[in-house]
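Trainee: Before I use any of the labels on this structure, I would like to know what stands behind each one. Please take them in turn.

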Amino acid sequence: MKFNWKLPFPFKRNHVLILKLVLPILLLGIAFRFLFASSGDIPAVLETPLTERTAPPTILESPLTEQNDVPEILETPLSKKTEDLQATMPLESPEVEDQTPRDGKCNLFVGEWIPNPSGPVYNNESCPHIEAHQNCMKNGRPDTEYLYWRWKPRDCELSKFDPQRFLEAMRDKKWALIGDSISRNHVQSLLCMLSTVEVAVHIYHDEGYKSRKWRFPSYNFTVSVIWSPFLAEAAIFEDYNGVSTSEVELHLDKLDKKWIDEFHEQDYMIISSGKWFVKSALYYENNKVLGCHSCPKRNCTELGIDFAYRRSLRSALNFIVASKHKGMIFMRTSTPDHFENGEWSSGGTCEQRAPIKEGEIGLKELTKILRHVELEEFKKAEVKASQNGMNLKLLDLTQLSLLRPDGHPGSYREFQPFAHDKNAKVQKDCLHWCLPGPIDAWNDVIMEMMFNE
């Protein structure tokens, strides 16, 4: 370092005494500055979280609104038959049911969320696939603590998702996620994690942007999300805002061709369903009305959610195990919402700002019913799949998701909801997941099941 010793005032002989006094003090000050600058006593500069370092760029979004993807969760009254089922169901939390190790292997689905200082591998700036309603950081969610946790199974370590290894293994392969808007939420998470290696090219969408396809050119790898909320053939009557104008017409003996027609082309699939069965519906078999759910104005037998869900899921699983598909198929269990003090359409909120521990909350009645059906039907299908040499796996993400009430968009499903009025009443989303967020851990679990089981 070069110092300029020229004094900023005229230097005369009679000032020598002053100079002798000032110069040692100046040198001593410089020495102290060098001493402390090189020591560890000066704190490091605090980093802004990854997602806040620069202003977010404009991201092209599809003209999709999720308002019309969300069923009236628990707004539709449960039928008497469904209430009777609740009375006979065990009241255990999901963690109690699933603690038995699977074939001596670590149970990936039982554990806790632990701190993860490194945070997410992507953010709302680096990933172009995040839809507006899940883009919590861009929408102004002020807290970031929910980004710094990872899932830790109770009896083993879970490796982080390795996008490079995943893409190499998926070369010339096809993936499909089949279900409702939670499946679309999940596919965005997967695409974002893979985008740290290569950004996928969007190659297809249906008219409503609900079914879509992407391709990773360097790997000839295709990822699809197929919109099929019932898995069975259904006629849905709604307005633009998702308000039902008539009962769903659900054909329990016919599978939805949207996923059936693409089934044999896929190498890997995740199927899921559940929440949409709360809607008022007429149930058909052989093109004749068999009964209904929540249809007081109809002269029909009330059959209940569990009846229809069991028929539909059983039909889908029977089709799968009979197909002798040679790839890998996951059946994902229903994931809980965290609405409190109401539901989607009745002012429900989710204000938690940290994960919770096992046993602090239990499943809601609807999730218990869906889960009861799922576990029973999967157990039957698993036996047949094994006999047919198929690779059918249960992706039980219920407990993992139950412990993250902090991971939903809440008020921040819309851009800057309180910018003009801090007391504004806004629609809260306590069903879908922020991106990045807890849903990214689903991919950690899936990769472990793919490569190490």
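Mentor: Start with Cys 156, which has a relative accessibility of 19%. Buried means under 20% relative accessible area, exposed means over 50%, and partly exposed is in between (1.4 Å probe, protein chains only). Cys 156 therefore counts as buried.

Trainee: What kind of model do these values come from?

Mentor: This is a predicted model, in which local features need pLDDT of at least 70, side-chain atom pairs count only at pLDDT 80 or more, and totals for chains, interfaces and linings use all residues. Residues are numbered from 1 along each chain as its sequence is written, and side-chain values use heavy atoms, with hydrogens and water left out.

Trainee: What makes Cys 106 and Cys 156 a disulfide?

Mentor: A disulfide is a pair of cysteine sulfur atoms within 2.5 Å. The sulfur atoms of Cys 106 and Cys 156 are 2.0 Å apart, and the two form a disulfide. Cys 106 is in the loop between helix H3 (94–97) and strand S1 (111–115), and Cys 156 in the loop between strand S2 (149–153) and helix H4 (163–169), so the pair ties together parts 50 residues apart in sequence. Helices (H or I, at least four residues) and strands (E, at least two) are DSSP runs, numbered from the N terminus.

Trainee: What is the state of Cys 300, and why?

Mentor: Cys 300 has a relative accessible area of 29%, so Cys 300 is partly exposed. Cys 300 is in no disulfide; the nearest cysteine sulfur, that of Cys 292, is 4.7 Å away.

Trainee: Why is H5 called roughly perpendicular to H10?

Mentor: Helix H5 (residues 181–194) and helix H10 (residues 440–452) pack at about 75°, with axes 9 Å apart. That makes H5 roughly perpendicular to H10. Angles under 35 degrees count as roughly parallel, over 145 as roughly antiparallel, 65 to 115 as roughly perpendicular and the rest as oblique. Axes are lines fitted to C-alpha atoms, for helices over the stretch in contact, and angles run from 0 to 180 degrees between N-to-C directions.

Trainee: Which residues of H5 and H10 meet?

Mentor: Ile 182, His 186, Ser 189, Leu 190 and Met 193 in H5 meet Asp 440, Trp 442, Asn 443, Asp 444 and Ile 446 in H10.

Trainee: What is the average pLDDT of the protein?

Mentor: The average is 83, and 76% of the residues score at least 70; pLDDT is the predictor's confidence in each residue, from 0 to 100. Over residues 28–66 the pLDDT is below 50. Where pLDDT is low, the predicted coordinates should not be read in detail.

Key:
Contact means heavy atoms within 4.5 Å.
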